[in-house]
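Subject: Structure handover

Hello,

Here is the structure I promised to pass on. Please open it alongside this email.

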Amino acid sequence: MVEPELTVGDQDDFREYRAAASNVSVIVVDDEEEERGYHPGHGDVWSVGLWAPERAR
């Protein structure tokens with residue numbers, strides 16, 4: 001199994017993991033003071049995004 005190469009970027013209190021080969025990005029909570037409760041805490045997935053390699057016309 002080949003693991004995708006990830007690009008990691010910071011977005012304020014979040015961290016983005018982007019796999020360009022599969023056009024997927026995952027946003028994770030990166031605020032160490034956030035605890036899991038009624039909302040995602042530190043290290044939890046906030047969102048998953050699928051994006052097109054080219055802009056739709």
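My notes on the sheet, the aromatic residues and one serine follow.

First, the ground rules. This is a predicted model, in which local features need pLDDT of at least 70, side-chain atom pairs count only at pLDDT 80 or more, and totals for chains, interfaces and linings use all residues. Residues are numbered from 1 along each chain as its sequence is written, and side-chain values use heavy atoms, with hydrogens and water left out.

**The sheet**

There is an open sheet of 4 strands, in the order S1-S2-S3-S4, with antiparallel pairing. The edge strands are S1 (7-11) and S4 (45-50), and each pairs on one side only. From one strand to the next, the twist averages 20°. On terms: strands are DSSP runs (E, at least two residues), numbered from the N terminus. Two of them pair if DSSP finds at least two bridges between them.

S1 and S2 (residues 14-19) run antiparallel and are joined by 5 bridges. Thr7 has Arg18 in S2 as its bridge partner. Val8 has Tyr17 in S2. The two strands, S1 and S2, form a hairpin with 2 residues between them. Asp12, in the turn, has a positive phi of about 55°.

**The aromatic residues**

The count comes to 1 aromatic pair. Phe14 and Trp46 form that pair, which is tilted, at 5.3 Å centre to centre and 55° between the planes. Phe14 lies in S2 and Trp46 in S4, so the pair ties together parts that are 32 residues apart in sequence. The rule: rings of Phe, Tyr and Trp (its six-membered ring) pair if their centres lie within 6.5 Å; planes under 30 degrees apart count as stacked, over 60 as edge-to-face and the rest as tilted.

Arg18 puts its charged end over the ring of Trp51, 4.4 Å from the ring centre. That label requires NZ of Lys or CZ of Arg within 6 Å of the ring centre and within 35 degrees of the ring normal.

**Burial and Ser25**

Phe14 is partly exposed, at 24% relative accessibility. Ser25, in strand S3 (residues 24-29), is buried at 8%. Buried means under 20% relative accessible area, exposed over 50%, and partly exposed in between (1.4 Å probe, protein chains only).

Leaving out residues up to four places away in sequence, Ser25 touches Glu16, Tyr17, Arg18, Ser47, Val48, Gly49 and Trp51. Contact means heavy atoms within 4.5 Å.

Best wishes

Definitions and conventions: Axes are lines fitted to C-alpha atoms, for helices over the stretch in contact, and angles run from 0 to 180 degrees between N-to-C directions.
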